Amino acid sequence: ACNVKYNSYGNFLINLTNKITLWRAQTFLTKEPGTLEWLQKFKKESWFIDIGANIGIYSLPAALYHANKVISVEVEPSNYAELLKNIEINKISSEKIEAVLLGISTKYANKLNKLYLTRDTVGSSCHQLGANVDFRLRPLNVDRPIKTVYSISLSQLIEASSIPNNVPLHIKIDVDGIECDVCESLFLSGLIDRLSSLQV
């Protein structure tokens, strides 16, 4: 495992499975500094939903240092398995973090969908739910590895998560292309008003 130093907050561990997971550990402080600044503004009682958690590079420090509860959602099964390993090696309890294997989509909710993989490698990203397109939603004419996944809408996830009414709720959506689709159910349901912040 790689020990990731997180400024003055402390450290956390990332399981090193391949070059991609090593890269994610090594670039933690530099890849998305805006995301880290955002996490650091959370009040301690906050709940955080991480949509497109991958191997947990932001879910883990959020659970350890910034939020009272993290719901970490990943659609790709290999990344989800790695997320579970990372939660375990950091000894984070299920009271602090719940990892969920699910697709999140308004358009593809409540059914089985194809997940088109960029490549079937732990830590990979830019997979696409429901259509063989790239991260800019342009159709791709290449065969890609496919996995079948179940999807629900983001508003369904919020309603199923037993989030106390009086806590700040923050959501990060990083799904490499269908962010608008993921957010749509928040507006249709009116749950957008429940959020303290949303990072897309």
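1. Is Cys 183 buried or exposed? In this predicted model, Cys 183 is buried, and its relative accessible area is 9%. The cut-off for the buried class is under 20% relative accessible area, so the value of 9% places Cys 183 within that class.

2. The number of disulfides in the structure is 0. For Cys 183, the closest cysteine sulfur belongs to Cys 180 and lies 6.8 Å away, which is too far for a bond. A disulfide requires a pair of cysteine sulfur atoms within 2.5 Å, so the separation of 6.8 Å rules out a bond between Cys 183 and Cys 180. Elsewhere in the chain, Cys 2 also counts as buried, with a relative accessibility of 18%.

3. As to overall composition, the protein chain contains 7 helices and 11 strands. Along the principal axes, the C-alpha atoms fill a box of roughly 45 × 40 × 25 Å.

4. Of its 200 residues, 55% count as buried. Among contacts with a separation of 6 or more, 68% are between residues 24 or more positions apart. The chain exposes about 9,600 Å², of which carbon and sulfur atoms supply 53%.

5. Strand S10, residues 169–173, is largely enclosed by the rest of the structure, because 5 of its 5 residues are buried. In a regular strand the side chains alternate between the two faces of the sheet. In S10 both faces are covered: one side carries Leu 169, Ile 171 and Ile 173, the other His 170 and Lys 172, and all of these residues are buried.

6. The pairing of S10 involves strands S3 and S11. Strand S3 (residues 47–51) runs parallel to S10 and is joined to it by 5 bridges; within this pairing, Asp 50 stands opposite Lys 172. Strand S11 (residues 197–199) also pairs with S10 in the parallel sense, over 3 bridges, and here His 170 stands opposite Ser 197. Together with helix H7 (residues 179–189), S10 and S11 make a right-handed β-α-β unit.

7. Strand S7 (residues 111–116) and strand S9 (residues 146–152) run antiparallel and are joined by 6 bridges. One of the paired positions places Leu 115 with Lys 147 of S9 as its bridge partner.

8. Ile 152 belongs to strand S9 and is buried, with a relative accessible area of 13%. Leaving aside residues up to four places away in sequence, Ile 152 touches Leu 102, Gly 103, Ile 104, Ser 105, Ala 109, Asn 110 and Leu 157. Between Ile 152 and Ser 72 the sequence separation is 80 residues, and the C-alpha to C-alpha distance is 14 Å.

Technical notes:
Residues are numbered from 1 along each chain as its sequence is written. This is a predicted model: local features need pLDDT of at least 70, side-chain atom pairs count only at pLDDT 80 or more; totals for chains, interfaces and linings use all residues. Side-chain values use heavy atoms; hydrogens and water are left out. Buried means under 20% relative accessible area, exposed over 50%, partly exposed in between (1.4 Å probe, protein chains only). Helices (H or I, at least four residues) and strands (E, at least two) are DSSP runs, numbered from the N terminus. Two strands pair if DSSP finds at least two bridges between them. A crossover is right-handed if, with the strands pointing away from the viewer, the path from the first strand over the helix to the second runs clockwise. Contact means heavy atoms within 4.5 Å. Accessible areas come from the Shrake-Rupley method with a 1.4 Å probe; for residues, only the protein chains shown count as cover.
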